[in-house]
Amino acid sequence: MGIAIKGEFWFVKKSKVHGRGLFARKDIPKGTKIIEYKGTRMPPDALPDIDENEPEAFHTVIFSLDSGWLIDASRRGNAAQFANHSCNPNCSTIEEDDRIYIIAERKIPKGTELVYDYHLHQTGPFQKDWLTDYACHCGSSKCRKIMLKRKIPQKFLKFV
Ligand SMILES: C[S@@+](CC[C@H](N)C(=O)[O-])C[C@H]1O[C@@H](n2cnc3c(N)ncnc32)[C@H](O)[C@@H]1O
Ligand SMILES: [Zn+2]
C-alpha cells in the first residue's frame, strides 16, 4: 500500500522549499497534533553508514527518540516524512509515550506549508561540506542557511 497523501489536517504537494512538502488542508488551531511521524524503529546503534556519494545521502528521514531509538520513515513511514525544515517554523515536534507528533506552534491558515526546525545534530569541528550537505532553502528572513542546530561559524559565512 502506498503512502496516504491527505489526512484530516494535511495534504502533500510539491514545495518551493524542496521536493514534496506537507500543507495545511484547513485552518489549523495552535497546539493541534497534525500527524504522527511513523516509520520502522531501530535501536540507537543501527544508524546506517552514509554513502556520501549517493545524491540522496543527506536526505534526512530518520528521527531520534529521547531513548536514543530511531524512527526510519523510509521504511513503513507515512506522509510526516514530507514535512520540510524551516528556520522560522509554524510547527514543532513533540514526543509523547514514545511517539513523535508534528504539532502546530501557532494558528496556521489553510494552504500554508507545514514546516518545523529539524535541529539536525552534528558534532566535532564544523565541516565546510556541511554548507552544501545541509544547505537550507527555507526562504525565511531568519534563515540560518543550514538545517543543523548549530550556527555557521563566522569564518565560513563568506561561502554561503
Ligand atoms: C524528510 S525529507 C522532507 C521531504 C522532502 N521535501 C521530499 O520531497 O521527500 C527531508 C529532506 O528534504 C530536504 N529539505 C527539507 N527541508 C529543506 C530546506 N529547508 N532546505 C533544503 N532542503 C530541505 C533535505 O534534502 C532533507 O534531507
Ligand atoms: Zn532556513
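1. Around ligand 1 there are 19 residues, the closest being H18, G19, R20, N84 and H85, where a residue counts as near if its C-beta atom, placed from the backbone, lies within 6 Å of the molecule. The elements that give two or more residues to this shell are β2 and β7 (84–85), strands being DSSP runs of E of at least two residues, numbered from the N terminus.

2. This is a predicted model, in which local features need pLDDT of at least 70 and side-chain atom pairs count only at pLDDT 80 or more, while totals for chains, interfaces and linings use all residues. Residues are numbered from 1 along each chain as its sequence is written, and chains are lettered from A and ligands numbered from 1 in the order in which they are written.

3. Strand β9 is joined to β8 (residues 91–96) by six bridges and runs antiparallel to it, with S92 opposite I103. These two strands form a hairpin with two residues between them, and D97 in the turn has a positive phi of about 50°. Three bridges also join β9 to β3, again antiparallel, and E36 has Y101 as its bridge partner. Two strands pair if DSSP finds at least two bridges between them.

Note on methods
Helices (H or I, at least four residues) and strands (E, at least two) are DSSP runs, numbered from the N terminus.
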